[in-house]
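Open the model in your viewer and keep the selection tool at hand. This tour tells you what to pick next and what you will find there.

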Amino acid sequence: MLLNTEIIYYKSHIYILFDLNALKTENMTTTKPAVVIIGNGMVSYKFCEKLIAKSSNFEIIVFGEESRPAYDRVHLSEYFNGKSAEDLSMSPLTWYADNGIHLHLNDPVQEINREEKTVHTLKGINQHYDYLILATGSSAFVPDIPGVEKQGVFVYRTIEDLDLILAYAANAKEAAVIGGGLLGLEAAKALIDLGIKEPHVIEFAPRLMPRQIDQAGSKMLQMKLNELGLRIHLNKSTSRIGGEDKIDALHFADDTQIHVDMLIISAGIRPRDELAQLSGLKTGTRGGVVVNDYMQTSDESIFAIGECALHEGMIYGLVAPGYEMADVAVNTLCDSEKSFSGYDMSTKLKLIGIDVASFGDPFIAEPDCRSIVMDDSHKGVYKRINISNDGKHLLGGILVGDATSYNMLLQTVKNNIILPPNPEDLILGSRGESANDGSGAMSLPDDALICSCESVSKGAILHAVKEDHITTLDGIKKCTKAGTCCGGCVPMVKDLIAGSLKESGIYVKNVICEHFNYSRQELLDVIKINNVKIYDEALDHFGKGDGCETCKPVVASILSSLWNDVIVKQAPTQDSNDRYLANIQKGGTYSVVPRIPGGEITPDKLIILGQIAKKYALYTKITGGQRIDMFGAHVNDLPDIWEELIDAGFESGHAYGKALRTVKSCVGSTWCRFGLHDSVSFAIEIEERYRGIRAPHKIKGGVSGCVRECAEAQSKDFGIIATEKGWNLYICGNGGSKPQHAQLLASDIDKETCIKYIDRFLMFYIKTADPLTRTATWLNKMEGGLTYLKNVILNDSIEICGQLETEMQGLVDSFHCEWKEVVTNPELRKRFVHFVNAPEKKDPTVEFDTFRTQIKAKDWL
Amino acid sequence: MIINTDIELQAEASIEWFLACNEEDVPENGGACIDYKGEQIAIFNFTRRKEWYATQNLCPHKQQMALSRGMIGSAGESCEPKVACPFHKKTFSLLSGECASGEDYTIKTYPVKLSAGQVFIGIQ
Ligand SMILES: Cc1cc2nc3c(=O)[nH]c(=O)nc-3n(C[C@H](O)[C@H](O)[C@H](O)COP(=O)(O)OP(=O)(O)OC[C@H]3O[C@@H](n4cnc5c(N)ncnc54)[C@H](O)[C@@H]3O)c2cc1C
Ligand code: SF4
Ligand code: FES
């Protein structure tokens with residue numbers, strides 16, 4: 001009845017299914033054996049994850065001493081670079097609940113009663129166990145130096161430690177770290193991030209990172225760290241920490257001293273075996289709970305895994321072996337056969353941007369092997385490889401300053417691969433031959449371990465690609481978990497995907513998304529040939545499903561590159577920025593950027609910008625592209641603001657679109673005593689020529705009046721520099737995260753030729769580049785590279801120059817100011833409201849803070 | 001598939017419908033934001049599927065009032081309808097409200113009813 005004349009959209013099907021499920025679980029009674037885990041660190045978390053994946057026959061109870069669920073300690077330092085505790089979390093609390101795991105946080109276990117098989121916690125819980133897992137990790141080792149209890153002395157292990165350091169560092173000027181190992185150097189880096197200038201690093205041993213690298217490697221590392229502002233003291237033993245209540249100095253055994261207001265101690269780790277000792281489990285003399293190959297302690301229903309476990313006299317202070325131990329323990333509980341037989345301690349890390357790696361046996365020396373060493377203090381690179389005396393096998397090595405070959409070298413050691421006749425090529429790079437194309441990874445044996453954190457073999461990855469047809473990195477991550485932990489193996493995983501697709505003869509193309517099985521170039525061609533004008537038509541004929549946030553803007557950009565229609569008419573297929581013709585900013589307001597061609601502006605226009613910004617309470621800033629950006633506009637105000645701008649002679653700056661941004665110019669020959677030609681006029685002419693044209697990504701240009709290059713034209717997609725005889729044209733430069741210099745396309749050409757070449761270049765780019773690919777990347781990926789591109793543009797080698805020029809002229813002729821269109825059309829104007837049912841009302845949740853007398857957006861919550 | 005119309009109708013009976021806007025107020029294949037007693041609700045006119053959806057306007061990722069300005073589309077073989085937040089492109093199912101970008105967020109969804117060109121949102 002109700003449904004007769006009305007349509008109701010309601011998710012009831014899902015509703016009912018959930019209900020049935022709920023009924024089912026409630027009726028189930030549980031008599032499952034209880035697995036109790038002490039500690040909720042990284043390894044504990046991995047144990048839970050692996051156990052629930054393998055079996056649902058256990059009741060899982062976890063006690064954690066920290067107040068947070070397990071987090072990523074390996075990336076702890078990123079807490080100082082803006083990652084929140086939540087970002088570092090391995091999984092949110094709901095994950096435990098959803099998987100039926102009982103998690104008690106803030107409640108350390110204080111006693112194990114092995115006779116009754118119970119544990120007793122601080123908060124008074126008495127919990128029975130059938131199996132007990134010790135995953136208590138370790139704590140920072142604090143040496144017995146008089147004064148360690150003073151204020152301002154910290155360790156570096158938990159988020160709480162970092163909070164304390166953060167608070168204290170605000171008032172500290174000089175700081176030091178005791179310990180020049182992996183963690184100590186990381187702590188020193190953190191101090192720099194906290195604004196401490198030139199922190200000291202105090203190391204007792206004669207070299208840095210004594211467990212990983214040798215004396216020569218340490219020297220190279222020390223040289224580089226000195227350049228970065230660390231003050232390193234080797235062979236130093238600290239005898240006393242000075243100061244009343246607060247630390248104010250470090251005194252050394254050699255009677256020297258330094259002044260510091262803060263100290264981080266990072267002198268090693270101590271396994272947390274106190275509970276094990278109390279309950280009479282066997283522990284090592286230097287700490288650690290003794291375990292067998294199945295991770296069982298001296299009591300066979302109690303296991304120890306991670307940094308608290310002592311296996312064959314060894315504590316493993318890295319996460320990957322901990323994960324392997326978790327896997328072994330899970331297998332033992334589930335009655336499958338798996339044992340732990342030690343773990344490779346090869347490591348690769350980036351210390352303050354410096355690569356450091358050691359693999360296999362880094363320290364083995366003559367006469368047990370032969371070592372090849374490359375020590376280049378000019379480039380700051382040190383490499384050492386140790387090969388067997390018969391020259392056949394690689395045994396280990398050290399890399400400082402450049403560890404790009406780490407993965408291959410490690411695999412060569414692990415798989416006992418026979419070395420080539422000139423093993424020095426391994427570290428010098430084979431001279432003269434072409435670069436590694438991924439065939440390297442493909443030549444490894446199938447059981448080669450590619451991801452050591454998650455122990456995924458090459459065979460498993462190939463299987464996923466070939467049998468399960470997973471061809472994306474994300475897909476492989478989901479299916480095999482390779483690359484999800486430290487990420488070090490990602491380049492190799494990519495090579496393997498590409499390599500095995502190639503092997504199976506599959507043509508690898510970059511399809512746009514699940515809805516369009518075409519590359520951007522192919523789609524552009526079919527849309528053009530079939531004269532498609534709207535998104536839905538394209539989806540009906542050439543796609544499937546209902547589209548998404550990836551293909552909609554791509555198709556919209558293709559459509560406007562082809563037909564240059566009014567963007568707002570197809571608003572909802574546009575990226576949010578294109579839909580409102582403005583850039584959405586933090587807090588949900590928009591920014592307004594009128595075009596200021598070539599960066600030239602009259603005093604009157606400057607005044608008007610100031611008046612408008614004042615009237616609508618906008619924050620103003622000068623952009624890198626020589627124009628003025630106004631932030632903080634409510635969506636409701638946009639049409640009014642633009643009406644005033646247009647009345648004053650401004651037009652849209654297309655800062656919101658994947659389109660030409662600006663053509664930056666220097667002042668050139670009109671004022672500058674060095675100027676050869678009028679760079680400003682040329683920049684204005686070019687900016688007005690290409691304004692508004694949509695492209696796969698944003699485009700920037702620059703024009704300089706002489707070689708001094710004040711407009712930085714060589715960092716732009718196209719850059720023009722005046723010469724005695726005319727202009728030099730450079731293309732495919734890029735600033736941003738991966739800066740790349742533009743390359744010379746043609747020299748000493750006149751203005752007309754220059755414009756002709758840019759027409760061809762831009763149009764060719766628009767037609768052939770993948771979505772969101774800047775010209776630099778487009779060129780880097782192009783087969784044949786610059787030589788090919790030069791041939792196309794200068795020599796018309798594929799006979800399309802005529803067509804490119806005509807198409808570009810078509811776009812130039814159909815230019816319109818998108819904002820003018822909106823301002824003069826009441827229907828379009830109506831779209832610029834926050835509430836459709838209360839058009840006058842602005843979003844009440846928008847708030848600003850005041851900041852240096854202007855406004856700024858409220859911080860992310 | 002089991003469809004229990006009884007439960008559907010019972011649920012339906014407990015819903016209070018309020019008039020949100022007219023059909024043409026929401027752009028085709030796009031969204032708009034509705035003010036309901038101080039609460040912000042995003043409403044989507046999925047013209048391509050001849051369907052309507054409503055969700056909270058707040059994106060749980062960084063607490064931005066933005067979902068109504070996001071792009072809608074579908075995911076997977078089952079064509080699950082979804083919306084992508086314009087800020088960092090987290091996507092949410094328009095049916096279940098679950099985040100499909102691997103995060104543990106769920107957004108509120110609301111039933112929508114059309115009658116004689118008017119659009120109603122159901123509040124429970
Ligand atoms: C700054 C830093 C950088 C690092 N970088 C790297 C790296 O680059 N690569 C790498 O492989 N490794 C690195 N590590 C080491 C890595 O983090 C550890 O190997 C890993 O966290 C060990 O995991 P775990 O679960 O054994 O111990 P933990 O993560 O220490 O977890 C143990 C947990 O148990 C809790 N606990 C202890 N006793 C009790 C009790 N009685 N009751 C309840 N709970 C208890 C502790 O509070 C702790 O939360 C780094 C460590 C640090 C501190
Ligand atoms: S690039 Fe040359 S002409 Fe332009 S401002 Fe610099 S010095 Fe003067
Ligand atoms: S605020 Fe929505 S995705 Fe970040």
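Start with A:Leu185, which is buried at a relative accessible area of 0%. Buried means under 20% relative accessible area, exposed over 50%, and partly exposed in between, using a 1.4 Å probe and protein chains only. This is a predicted model: local features need pLDDT of at least 70, side-chain atom pairs count only at pLDDT 80 or more, and totals for chains, interfaces and linings use all residues. Residues are numbered from 1 along each chain as its sequence is written, chains are lettered from A and ligands numbered from 1 in the order in which they are written, and side-chain values use heavy atoms, with hydrogens and water left out.

Now show the helix around A:Leu185. It is H6 of chain A, residues 182-193. Helices (H or I, at least four residues) and strands (E, at least two) are DSSP runs, numbered from the N terminus.

Which residues touch A:Leu185, leaving aside its neighbours within four places in sequence? Among them are A:Val201, A:Leu208, A:Met209, A:Leu221 and A:Leu351. Contact here means heavy atoms within 4.5 Å. Select A:Leu351 as well. A:Leu185 and A:Leu351 are 166 residues apart along the chain, yet their C-alpha atoms are separated by 7.3 Å.

Next, look for a cavity. On a 1 Å grid over the protein atoms alone, a cavity is a set of points where a 1.4 Å probe fits but cannot get out; its lining residues have an atom within 4 Å of a point. Grid points are joined across faces, edges and corners, and a volume is the space filled by probe spheres set on the points. By this rule there are seven cavities of 30 Å³ or more. Select its lining: A:Ala140, A:Tyr156, A:Arg157, A:Leu183, A:Ile265, A:Ser266, A:Gly268 and A:Ile269. That lining divides into five nonpolar, two polar and one charged. Ala, Val, Leu, Ile, Met, Phe, Trp, Tyr, Cys and Pro count as nonpolar, Asp, Glu, Lys and Arg as charged, and the others, Gly among them, as polar.

Move to a sheet in chain A. It is open, has three strands in the order S19-S21-S22, and its pairing is mixed. Strands S19 (289-291) and S22 (314-315) stand at the edges with a single partner strand each, so one side of each is left without a neighbour in the sheet. Two strands pair if DSSP finds at least two bridges between them. S19(A) and S21 (residues 309-311) of chain A run parallel, joined by three bridges. Pick A:Val289 to see one partner in S21(A): A:Ala309.

Most residues other than glycine have a negative phi, and most peptide bonds are trans. Select A:Asn235, not a glycine, with a positive phi of about 55°. It sits in the loop between S13 (231-233) and S14 (238-242) of chain A. Is A:Asn235 buried or exposed? It counts as exposed, at 54% relative accessibility. Then go to B:Lys50, also not a glycine, with a positive phi of about 55°. B:Lys50 is exposed, at a relative accessible area of 67%. Finally, the peptide bond from A:Glu366 to A:Pro367 is cis, with omega near 10°.

Notes
1 Å grid on protein atoms, 1.4 Å probe; cavity = no way out; pocket = protein on both sides within 12 Å on 5 of 7 lines; lining within 4 Å.
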